[in-house]
Amino acid sequence: MTDEPLLRVSALSKFYGSRVGCENVTFDLWPGEVLAVVGESGSGKTTLLNCLSTRLLPSSGTASYRMRDSQFRELYRMSEAERRFLMRTDWGFVHQNPADGLRMTVSAGANVGERLMAVGDRHYGKIRATAVDWLSRVEIDEDRIDDEPRAFSGGMRQRLQIARNLVTGPRLVFMDEPTGGLDVSVQARLLDLLRGLVTDLGLAAIVVTHDLAVARLLSQRMMVMKDGRVVESGLTDRVLDDPRAPYTQLLVSSILQV
Amino acid sequence: MTDIATYNFAYLDEQTKRMIRRAILKGIAVPGYQVPFASREMPMPYGWGTGGVQVTASIIGPEDVLKVIDQGADDTTNAVSIRAFFKKVANVAVTTETAKATIIQTRHRIPEHPLSAGQVLVYQVPIPEPLRFLEPRETETRKMHALEEYGLMHVKLYEDIARHGRIATSYAYPVKVEGRYVMDPSPTPKFDNPKMHRSPALQLFGAGREKRIYAVPPFTEVVSLDFEDHPFEVQTFDQPCALCAAENVYLDEVILDDHGGHMFVCSDTDHCEKRCEQGHRGHLAPETPLALERTEPAQ
């Protein structure tokens, strides 16, 4: 662990006209830390995630990222070329719907290899070997390497999407409802896999989810959002076991007990 | 000259020609970059070479000698009609001989006879965007060109090797021009790609329906994309041309009968006829040279 955060976010706001997307969000993210952003739908979680991952430009506020050379760079002042380079090397983005993050018409191997080729890898054998390695790490059989993701189940697609994002060894991964739409047993395996990968690779991650169980399992720290504002933040266990804000109390008590 | 009285020289009005020339100049200045232009309606359907015809019409002058080929042949419908069109609207000399032409409009071949400085090769291009089938959004592909993000192009080649064990793309094989832009050389066979590299002739590409013009100036680097362990290679043929016995040329398969009979002949008809005149004989060549036979009246 270093003494400096990986990402510094300060007073970030995004307005859609007069409507609030997210307002005045401030936090630091440290290397290897998993931060969960929870809240009901429409609370601004995804807007915040899109702003942080520079897919959206915020209306005001700053976010600076510590590059591999330990220099902080202001995300919204970078050129588009630099941002996109960051997106496909040092960052990953796992979409809720795997079809948004995968190329559905090219094989699984090419999906994993694309980032390698994008950063200049030009050796077919090595790219394929890396793809095989990553498929096995996300528990996809090697003989599925030449199949298109269209032929994959939802859980497999999501695992493939994760492999595709992690192949360049990113330091920060954004996840938007990574387990959304999967049935519980598949969810459990995926969470197990994610937790293993995050620990092994020392990834920092920002996970947006409305599922408090996912947040508890994956994250060390969490932020609760409502109407675009952060109503409570702190260690995950503390927030879930001893919620202070009335909204968080409501949220925690709304979990269905089986 | 009465034939052309009703048309401006070379069919297009001067204002349009200036607009197209500006696009061509910009294309030459930025080799491989697709320049948008205001493509006009031409008296032929899209897909029949409206882009190439507009480029030719904009650069042709009364002194020019025009050759038009379609898949290497001078005598196919498209080639004959476009040649007749320019004879009518520009009253220019036409030829089938590669060496004598100053402008060669081509659909999907580069002549076998080496091009020389001062010649212009005009390509008819159906789909100018090499990334089109990988990324359908034009806004995105333009951004990828602008930021030189060409990883996706190799994804296509990767897919080829994964499926077929080798790079199976045999035409419209993507090239990188002058170390910068990735370009679709139009659906020419990849056999012709090496001929584009440092060619002394100016190469212009016109896509009428897609409204794009791009160019490769003379002596420009044109490198075919590949992998280190799967290098670019051109098609090879295991037999020579059946008519002129030429080797190391691009051959077409011609069906001879309904019983599977076929022969492989030069796709470049001018090249083939020249060789026949010089006395080269393939195993299916007629006794008398083809060119002579053609001048005889039909029975």
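Let's start with a term: a residue counts as buried when its relative accessible area is under 20%, as exposed when it is over 50%, and as partly exposed in between (1.4 Å probe, protein chains only). The model is predicted, so local features need pLDDT of at least 70 and side-chain atom pairs count only at pLDDT 80 or more, while totals for chains, interfaces and linings use all residues. Residues are numbered from 1 along each chain as its sequence is written, chains are lettered from A in the order in which they are written, and side-chain values use heavy atoms, without hydrogens and water.

Now find helix H4 of chain B, residues 138-146; helices (H or I, at least four residues) and strands (E, at least two) are DSSP runs, numbered from the N terminus. Glu140(B), Thr141(B), Met144(B) and His145(B) are buried here. Down the axis of H4(B) they fall within an arc of 140° (from the directions of the C-beta atoms off the helix axis), so these buried residues line one face of the helix. Thr139(B) and Ala146(B), on the other side, are exposed. The buried residues pack against helix H2 (80-89) of chain A, and against helix H5 (151-164) and strand S7 (181-183) of chain B; contact means heavy atoms within 4.5 Å. Just after H4(B), Glu148(B) has a positive phi of about 60°.

Step back to chain B, which is assigned domain 1 (14-224) and domain 2 (236-287), with bounds from an automatic or database domain assignment. Their contact takes 15 residues from domain 1 and 10 residues from domain 2. Across this interface the rule finds 1 salt bridge, meaning a side-chain nitrogen of Lys or Arg within 4 Å of a carboxyl oxygen of Asp or Glu.
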